[in-house]
Amino acid sequence: MKKISLNDLSRPVPEQEAIKAAILRVVERGWFIHGPELREFETEFAAYCGAPHAIGVANGTDAIELALRALGVTPGNDVIIAANAGMYSATAVRSIGATPVFADVDDHHLVLNAASVRAAATSRTRAVVVTHLYGRMADMTSLCAFAERAGIALIEDCAQAHGARQNGRVAGTWGDAGCFSFYPTKNLGAMGDAGMITCRDEGVASRLRRLRQYGWEEKYVSIEGPARNSRLDEMQAAILRVKLPLLDERNARRRQIARRYAATPCDGLRHPDVGGDDYVAHLYVVRTHARESLRQHLAEFGIVTDIHYPLLDTQQPVLKNHVAENLRLPVSEASVHQIVSLPCYPDMTNDEVERVCAALSEWTP
Ligand SMILES: *Cc1c(COP(=O)(O)O)cnc(C)c1O
């Protein structure tokens with residue numbers, strides 16, 4: 001029985017030849033950093049999102065860090081984040097000396113909503129990072145309204161939600177900044193590390209362009225800091241330019257797989273809500289009180305599963321002494337023991353999808 005893995009990036013894809021040609025173009029040009037490929041990709045990605053500006057950086061975590069900095073978050077400020085989103089935001093917040101403050105998520109979608117953010121906000125709150133977890137967008141209308149009223153910056157973590165749309169508006173264009181990762185397994189993936197920040201404000205965009213490269217206003221003249229070196233290289237930009245036009249089609253395939261799973265009745269298991277353009281099925285995450293039994297059962301059918309994520313940020317060893325002892329996050333704390341990710345990627349065959357459905361329907365907790 002052939003294994004069904006959680007993801008398989010080695011499968012031949014139709015765009016293979018175009019990618020090889022793009023790489024060759026970069027090699028022959030001999031311009032590897034901050035050249036025409038990045039400039040074009042930034043323009044194309046901004047146009048795709050409907051964002052005034054897009055600034056390429058080295059990865060998704062840097063994108064969050066630099067966005068926080070560009071929006072004026074400084075050491076000692078509090079930044080509200082969810083605790084169930086894989087430690088990426090917490091890492092970025094801590095890297096600039098700000099303090100992550102954890103809010104609980106809503107039970108329906110496992111993402112932050114305005115009520116959860118309001119409950120965590122204090123006078124020290126300077127920003128909120130909203131993670132569109134598993135490819136499901138948070139309720140941006142209410143979150144943006146709250147952030148505006150409270151006078152805090154709103155950053156969207158879109159690393160799992162490329163191309164998701166709510167009320168026709170693309171993820172990354174709702175908040176003050178949208179942060180993207182192009183890690184290879186993301187909905188839009190490079191062949192190495194890469195990231196992007198989208199934003200509306202011209203001043204924020206200029207700050208980001210300086211912050212990603214030593215604070216330079218022009219070559220060798222640093223006017224902004226503390227800055228970083230965080231660049232999206234020409235090879236990755238050229239590859240991403242080939243893949244961006246395929247994003248909607250690949251998201252549609254992801255959604256199709258998710259809908260097929262969701263239509264499979266299974267006792268003792270809670271499917272995610274797969275409706276709407278604001279879910280791009282980055283991960284298909286079910287919830288069950290009998291997680292080990294489900295994983296064991298699927299493993300017997302050759303189906304690989306994973307947990308995204310096994311620890312809340314608040315449970316991470318590195319944060320042990322930084323989380324208030326009386327902090328309670330009931331939904332996050334309950335769901336962390338229940339979540340299981342099933343294989344869901346666009347290059348899966350229908351046979352594989354059906355094998356997962358068949359195995360699911362045979363499971364009894
Ligand atoms: C992958 C991911 C990141 C980090 O992206 P990197 O490019 O690996 O730094 C941030 N947030 C979320 C939600 C992610 O899934």
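In helix H8, the residues Glu234, Gln236, Ala237, Ala238, Ile239, Leu240, Val242 and Lys243 are buried. The model described here is a predicted one. Its strands include an open sheet of seven, arranged in the order S1-S9-S8-S5-S4-S2-S3 with mixed pairing. The structure also holds three cavities of 30 Å³ or more.

**Helix H8**

- Helix H8 spans residues 234–243, and eight of its ten residues are buried, so the helix is largely enclosed by the rest of the structure.
- The cover over the buried residues of H8 includes helix H1 (16–29), helix H2 (36–49) and helix H9 (247–262).

**The seven-stranded sheet**

- The sheet is open, and its strands follow the order S1-S9-S8-S5-S4-S2-S3.
- Strand S1 (53–57) and strand S3 (99–103) form the edges; each has a single partner strand, so one side of each is left without a neighbour in the sheet.
- On average, neighbouring strands of this sheet are turned by 25° against each other, direction ignored.
- Strands of a sheet pair through backbone hydrogen bonds, either parallel or antiparallel.
- Strand S5 (residues 153–157) and S8 run parallel and are joined by three bridges; Glu156 stands opposite Gly178 in S8.
- S2 and S3 also run parallel, with five bridges joining them, and Ala82 stands opposite Ala103 in S3.

**Strand S2**

- Five of the five residues of S2 are buried, so this strand is largely enclosed by the rest of the structure.
- Both faces of S2 are covered: Asp78, Ile80 and Ala82 are buried on one side, while Val79 and Ile81 are buried on the other.

**Helices lying across the sheet strands**

- Helix H3 (residues 60–70) lies across S1, strand S2 (78–82), strand S4 (125–131), S5, S8 and S9. The direction of H3 is at about 160° to S8.
- Helix H7 (residues 202–211) lies across S1 and S9, and runs at about 15° to S1.

**Two loop residues**

- Leu188 belongs to the loop between strand S8 (177–181) and strand S9 (195–199).
- Because its relative accessible area is 1%, under the 20% limit, Leu188 counts as buried.
- Beyond its neighbours within four places in sequence, Leu188 is in contact with Phe41, Phe45, His162, Ser181, Phe182, Tyr183, Leu240, Lys243, Leu244 and Leu247.
- Leu188 and Ala46 are 142 residues apart in sequence, and their C-alpha atoms are 14 Å apart in space.
- Ala263 is placed in the loop between H9 and strand S12 (284–287).
- Ala263 has a relative accessible area of 56%, over the 50% limit, and is therefore exposed.
- Between Ala263 and Gly225 there are 38 residues of separation in sequence and 52 Å in space, C-alpha to C-alpha.

**Cavities**

How values were computed: Residues numbered from 1 in each chain as written. Predicted model: local features only at pLDDT ≥ 70, side-chain atom pairs only at ≥ 80, totals over all residues. Heavy atoms only, no water. 1 Å grid on protein atoms, 1.4 Å probe; cavity = no way out; pocket = protein on both sides within 12 Å on 5 of 7 lines; lining within 4 Å. Points joined across faces, edges and corners; volume = space filled by probe spheres on them. Helix = DSSP H or I, 4+ residues; strand = E, 2+ residues; numbered from the N terminus. Buried < 20%, exposed > 50% of the residue type's maximum accessible area, 1.4 Å probe, protein only. Contact = heavy atoms within 4.5 Å. Pairing = 2+ DSSP bridges. Axes fitted to C-alpha atoms, helices over the stretch in contact; angles between N-to-C directions.
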